[in-house]
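This report describes selected local features of one protein chain. The sequence and structure are shown first, and the notes follow.

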Amino acid sequence: MIFVIDNDFLMAKCVKCAVKKLDKEARIFSDAIDAMDGLGDELPEMIFLEILLTGPDGFTLLNELVSYSDTARIPIVIVSTIDFSQVDLSNYGVVGVLNKETMMPEEIQDYVKKYAK
């Protein structure tokens with residue numbers, strides 16, 4: 001299972017569609033609180049995360065995830081319009097950043113192939 005956490009439902013559906021083409025299941029969450037609740041059901045293989053969420057933002061969620069040993073190991077790909085090219089987010093489990101304005105389905109799939117178990 002792969003989590004897609006984004007309050008832009010259309011973008012989340014696009015990511016989910018790209019994931020499904022690899023025969024992987026994806027769950028969409030529109031905010032950090034629902035995503036944290038979803039972690040109680042099962043730990044995802046990886047997470048695609050928008051930083052600019054309504055309510056607690058993606059950075060709040062990243063801090064929460066790294067504070068527990070089981071969730072700290074989940075690979076995370078940031079999907080955002082913010083430029084993170086000069087920021088090292090690896091301490092938060094971030095394995096990559098995709099720009100919402102330019103990303104292609106193949107890039108999503110490349111991350112899934114590399115990091116999803």
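Is Asp23 buried or exposed?

The model is predicted. In it, Asp23 has a relative accessible area of 73%, and since exposed residues are those over 50%, Asp23 is exposed. The residue sits in the loop that runs between α1 (9-20) and β2.

The backbone of Asp23 has a positive phi of about 60°, although the residue is not a glycine. Most residues other than glycine have a negative phi.

## Packing of α2 and α3

Helix α2 covers residues 32-39 and helix α3 covers residues 58-66. The two pack at an angle of about 25°, and their axes are 10 Å apart. Angles under 35 degrees count as roughly parallel, and α2 and α3 are therefore roughly parallel to each other. The crossing of α2 past α3 is right-handed.

On the α2 side, the contact is made by Ala32, Met36 and Leu39; on the α3 side, by Leu61, Glu64 and Leu65. By residue class, the contact of α2 with α3 comprises 5 nonpolar residues, 1 charged residue and no polar ones.

## The buried face of α2

Ala32, Ala35, Gly38 and Leu39 are buried in α2. Viewed down the helix axis, the buried residues of α2 fall within an arc of 115°, so they line one face of the helix.

The elements covering these buried residues include β1 (2-5), β2 (26-29) and α3. Ala32 and Leu39 are among the buried residues of α2, and both also take part in the contact with α3.

How values were computed
Residues numbered from 1 in each chain as written. Predicted model: local features only at pLDDT ≥ 70, side-chain atom pairs only at ≥ 80, totals over all residues. Heavy atoms only, no water. Axes fitted to C-alpha atoms, helices over the stretch in contact; angles between N-to-C directions. Helix = DSSP H or I, 4+ residues; strand = E, 2+ residues; numbered from the N terminus. Parallel < 35°, antiparallel > 145°, perpendicular 65-115°, else oblique. Left-handed = near helix turned anticlockwise from the far one by under 90°. Contact = heavy atoms within 4.5 Å. Nonpolar A, V, L, I, M, F, W, Y, C, P; charged D, E, K, R; others polar. Buried < 20%, exposed > 50% of the residue type's maximum accessible area, 1.4 Å probe, protein only. Arc of directions from axis to C-beta.
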